[in-house]
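Hello,

Here is the structure I promised to pass on. Please open it first, then read my notes below.

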Amino acid sequence: MAIRRRGDEGTAEKWLEVDASMTGSMVFKDPVNLQINGRFDGTLEAKGNLSIGEKAEVKATINGESIAISGAVNGDIVATARVELTATARVRGKVTSPRVIMQEGAVLNGTLEMTGSSSEGVWMTVEELARYLEVDASTVTQWAQAGRLPAQREGNQWQFNRSKVEEWLAQERIK
């Protein structure tokens, strides 16, 4: 196991990296940034950010908040915020999440269930919100930095809750 720092612009995030082969149950009750690079068999529950590395081989039931997969996962995945499958991801099982990002080249053999059909649990990036509002991404960033738009930062990126943005839009139209 190792701790590394990721981030730019002076922001440092601590990541716990697991490069070993492990079997069993891992449960993190507090938010953690966890990256698995080796083999893991069992169950995994993590709050915070979970990353499955490109060379990782995971056979597990995974429950978490934000999950990024670049390696091989065989098992069901449930995320409360988002799942991202990079171009090298190979997933076999059921993926359940309100938001799924799948890069070209990623493989999902199984089912995908999008939860939170209402906009309440839907989060948008700067680019997604810019398209939604039909403005430049730089305008969205300026509004977020100025506090004019309901937003929150995750690491060095802005995120926008769609239902809060819709409330903001309704109030802006009244003014």
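**T96 and its surroundings**

T96 is buried, with a relative accessible area of 11%. Its place is in strand β8. Leaving out residues up to four places away in sequence, T96 touches I77, V78, A79, E113 and T115. The C-alpha atoms of T96 and T80 are separated by 8.4 Å. Those two residues are 16 apart along the chain.

Please keep in mind that this is a predicted model.

**The chain as a whole**

The protein chain has three helices and 13 strands. It counts 175 residues, and buried residues make up 38% of them. Take the contacts between residues at least 6 apart in sequence: 14% of these join residues at least 24 apart.

**The cores**

Which residues touch the most other members of the largest nonpolar core? They are I36, V58, I62, I69 and I77, out of 24 residues in that core. Five strands each supply at least two of the core residues: β3 (22-36), β4 (39-52), β5 (57-69), β7 (77-85) and β8 (90-97). β5 gives the most, with five residues.

I77 is worth a look of its own. Setting aside its neighbours within four places in sequence, I77 is in contact with I62, I67, I69, V83, V91, K94, V95 and T96.

Another core lies apart from the largest one. This other core has 14 residues, among them L129, W143, W168 and L169.

**Salt bridges**

How many salt bridges does the structure hold? There are five. Three of them are described here.

- E84 and R82: their side chains meet at 2.7 Å, N to O. E84 counts as buried, at 18% relative accessibility. R82 also counts as buried, at 14%.
- R99 and E128: the closest N and O atoms are 3.0 Å apart. This pair links distant parts of the chain, 29 residues apart. R99 is in the loop between β8 and β9 (100-102), and E128 is in helix α1 (residues 126-133). R99 counts as buried, at 8% relative accessibility. E128 is partly exposed, at 26%.
- R162 and E166: the closest N and O atoms are 3.0 Å apart. Both residues lie in helix α3 (residues 162-174). They are four residues apart, about one turn of the helix. R162 is partly exposed at 28% relative accessibility, and E166 is partly exposed at 29%.

**The second largest pocket**

The volume of the second largest pocket is about 160 Å³. Which residues line it? The lining is made of G48, N49, E65, S66, A81, R82, R99, W123, Q152, E154 and Q159. By type, the lining residues divide into two nonpolar, five polar and four charged. The elements that give two or more residues to this lining are β4, β5, β7 and β12 (152-154).

**W123**

Is W123 buried or partly exposed? W123 counts as partly exposed, because its 22% relative accessibility is not under the 20% that buried requires.

Not counting residues up to four places away in sequence, W123 touches R99, E128, Q152, Q159, F160 and N161. The C-alpha atoms of W123 and P98 are separated by 8.4 Å, with the two residues 25 apart along the chain.

**One backbone detail**

E134 is not a glycine, yet its phi is positive, near 60°. E134 is found in the loop between α1 and α2 (137-145). E134 is exposed, with a relative accessible area of 72%.

Best wishes

Methods:
Residues numbered from 1 in each chain as written. Predicted model: local features only at pLDDT ≥ 70, side-chain atom pairs only at ≥ 80, totals over all residues. Heavy atoms only, no water. Core = buried A, V, L, I, M, F, W, Y, C linked by side-chain atoms within 4.5 Å. Buried < 20%, exposed > 50% of the residue type's maximum accessible area, 1.4 Å probe, protein only. Contact = heavy atoms within 4.5 Å. Salt bridge = Lys/Arg side-chain N within 4 Å of Asp/Glu carboxyl O. 1 Å grid on protein atoms, 1.4 Å probe; cavity = no way out; pocket = protein on both sides within 12 Å on 5 of 7 lines; lining within 4 Å. Points joined across faces, edges and corners; volume = space filled by probe spheres on them. Nonpolar A, V, L, I, M, F, W, Y, C, P; charged D, E, K, R; others polar.
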